[in-house]
Amino acid sequence: MASVTLRERWAARRNAVIGNTSFQHWTARIPFMRSVARKRAAGMFDLIAGFAYSKILFAMVESGLIDHLTKGASELSEIARFAELEPFAAERLLRGAAALELVEEVAPGRWMLGEQGAALQSNAGAKAMIRHHRLLYRDLTEPLDLLRKNRSEPTELSQYWSYAGALHGHAERGDETAEYSELMATSQHFVAEQVLCAFSFSGVGSLLDVGGGHGAFLKAIGAAHPEPRLGLFDLPEVADAARDSLIQELGAERITAHGGNFFEDTIPTGYDLITLSRILHDHDDEPALKLLRNIRAALQPGKRLLIAEPMAGVRGAKGMGDAFFGLYLWAMGSGRPRSASEIRAMLSAAGFSSSRVISTPQPVVSGAIVATA
């Protein structure tokens, strides 16, 4: 039987005190404790009601109201017509959105974007992800059923993210294919912003993006740094599709598109830096380690690998890494969020000589680790 640790004893004592109704009533009456009690109560209510907040956010984006109100203040009647809602229903949605600071009523019956809405309207990646969440909502209707299900069984997300469904699907899935392209392009741009702020590309003469998809990450890096020679490695049909747009934006003399399977095929050699942008967390431990070993074999001693993705256990971003991506990747049927220490241990097992975490401005968007071969 495991011995009881000091932390366990402290947590048990803390929980006994916080869970005591007499203590809760006492803190609510004491002036200097009241703010703490209110903050804890508000946090608990946010957990209880969070699903409703997400649905209001989804409705504001899906209806187009976030973009519509970007133009300025609008009357309730106009908003209702635009969203195809009855005025009383539109007002209910707006008042819910106002509670989340997405909109605000600037005069009776007249509405504008609020602070959160103003921040959201310019964030195409966030809006694409919010629209995409309708698939996750379906998978999470019964979360325990999802967690009990064999991960090989199909889900809304697993079918969406398969290459056959997302990139080369049937005609009736055209809307989802377009959504996939928008989602990847805009969200990869925000990951690239984090990398550009955190990592110095000085001395990097050549860069290969493994699993580079349509090339959105590579375009952002290439536009900011016009010197390096750039390569993209992905499935042959994906690499072929990315080549023309990369050449158009960055120039034929800089671009090489390599087709292959990054688990089974030899990864192209001769690059100073290889990047993995939101790839590793999509895969379970065994294939993820196999990928890292394959990359290590492609790097000469002293050359580097840069991993950029949301990570677990990050201070100030645990909700995104552990809660959101934890369930999202479970529903996807593959992968998991990993802590920086877990990734670094995998890098060591794959044969890298050293690794280090580099700080990003917004770890809720992406963390970053650099490993040296």
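## Basis

The model is predicted: local features need pLDDT of at least 70, side-chain atom pairs count only at pLDDT 80 or more, and totals for chains, interfaces and linings use all residues. Residues are numbered from 1 along each chain as its sequence is written, and side-chain values use heavy atoms, without hydrogens and water.

## The chain

The chain holds 17 helices and 10 strands. These are DSSP runs numbered from the N terminus (helices H or I, at least four residues; strands E, at least two). The C-alpha trace spans about 65 × 65 × 40 Å along its principal axes.

Of the 373 residues, 42% are buried. Buried means under 20% relative accessible area, exposed over 50%, and partly exposed in between (1.4 Å probe, protein chains only). Take the contacts (heavy atoms within 4.5 Å) with a separation of 6 or more: residues 24 or more positions apart account for 66% of them.

## The largest pocket

The largest pocket has a volume of about 1,500 Å³. A pocket is an open set of points on a 1 Å grid over the protein atoms alone, where a 1.4 Å probe fits, with protein on both sides within 12 Å along at least five of seven lines. Its volume is the space filled by probe spheres set on the points, which are joined across faces, edges and corners.

The lining has 38 residues, each with an atom within 4 Å of a point. Leu 57, Met 129, Ile 130, His 133 and Met 320 lie nearest the centre. Helices H3, H7, H8, H12 and H16 each give two or more residues to this lining.

## Asn 294

Asn 294 sits in helix H15, residues 285-298. Its relative accessible area is 16%, so Asn 294 is buried. Beyond its neighbours within four places in sequence, Asn 294 is in contact with Phe 262, Phe 263, Asp 265, Thr 266 and Ile 267.

## Aromatic pairs

The whole structure has six aromatic pairs. Rings of Phe, Tyr and Trp (its six-membered ring) pair if their centres lie within 6.5 Å; planes under 30 degrees apart count as stacked, over 60 as edge-to-face and the rest as tilted. Phe 199 and Phe 201 are edge-to-face because their planes stand at 85°, with ring centres 4.9 Å apart. Phe 199 is buried at 6%, and Phe 201 is buried at 6%.

Phe 324 and Phe 325 also pair edge-to-face, 5.0 Å centre to centre and 85° between the planes. Phe 324 is partly exposed at 21%, whereas Phe 325 is buried at 12%. Ring pairs link Phe 324, Phe 325 and Tyr 328 into a cluster.
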